[in-house]
Amino acid sequence: PATSPDDIIDLLSRIREQANQYICDELARRGITDLLPAHGAVLHALFEESPQPMSTLARRIGRKKNTVTGLVDTLQERGYAGDVQLVSLSDRGEALRHVQTDISTALHHRLWQDIPPADQAACMAVLDSLLRNLAR
C-alpha cells in the first residue's frame with residue numbers, strides 16, 4: 001500500500017490500471033473486444049452530443065486533438081463512429097450507450113463502495129488540485 005505522498009504517481013497509475021482492466025473485462029464479458037478504455041471518453045462525449053467537431057470533442061474530454069483524432073479514427077475503422085470532420089455515432093456506436101452506462105455505473109460503485117461521500121469529495125478535490133498544479 002502507498003504510505004507516503006511521494007507514492008502518489010505510482011498509486012494513481014495502479015488505480016488507472018485496475019480501472020482499465022475492469023473496463024476491458026466487462027466489455028469482453030459483453031462480447032466487445034475491439035474497444036479500449038481510452039475510447040470510453042470519446043463515446044461518452046458523443047452520447048451527450050453527436051455530431052460535434054473534433055476540436056470540441058478534444059476540449060470536452062481534456063485530451064490533445066491529435067490523440068482524439070487517433071481514437072476517433074479507430075472508432076471509425078471499427079464502425080462505431082461516422083464522419084471524421086464532424087464526429088458522430090454510427091448505429092453500432094449508438095448501440096453501445098447502455099453498455100457504457102452499465103459499465104461506468106458498476107465501476108464507480110466498485111471504486112467508491114466503502115468510502116463515505118465526504119471522503120469521496122475530499123479525494124476528488126485533492127486530485128483536482130494536483131492536476132491544476134501539474135497543468136501550470
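Let's start with the second largest pocket. Its volume is about 180 Å³. Keep in mind that this is a predicted model.

Which residues line the second largest pocket? Here they are: Ile15, Gln18, Ala19, Gln21, Tyr22, Asp25, Leu107, Arg110 and Leu111. Two elements give two or more residues each to that lining, helix 1 and helix 6. Helix 1 has the largest share, with six residues. Now sort the lining by class. Five residues are nonpolar, two are polar and two are charged.

On to the largest pocket. How much space lies in it? About 1,900 Å³. Its lining takes in 47 residues. Look for the centre on your screen. Nearest to it are Ile15, Arg16, Ala19, Asn20 and His108.

Where does the lining of the largest pocket come from? At least two residues each come from helix 1 (8-29), helix 2 (37-48), helix 3 (54-61), helix 6 (97-112) and helix 7 (117-135). Which helix gives the largest share? Helix 1, with eleven residues. Helix 1 also gives the largest share of the lining in the second largest pocket.

Last, the classes for the largest pocket. Its lining holds 30 nonpolar residues, ten polar ones and seven charged ones.

So, to recap. Helix 1 and helix 6 each give two or more residues to the second largest pocket. Both helices also supply at least two residues each to the lining of the largest pocket. Find helix 1 in the structure, then trace both linings from there.

Definitions and conventions
Residues numbered from 1 in each chain as written. Predicted model: local features only at pLDDT ≥ 70, side-chain atom pairs only at ≥ 80, totals over all residues. Heavy atoms only, no water. 1 Å grid on protein atoms, 1.4 Å probe; cavity = no way out; pocket = protein on both sides within 12 Å on 5 of 7 lines; lining within 4 Å. Points joined across faces, edges and corners; volume = space filled by probe spheres on them. Helix = DSSP H or I, 4+ residues; strand = E, 2+ residues; numbered from the N terminus. Nonpolar A, V, L, I, M, F, W, Y, C, P; charged D, E, K, R; others polar.
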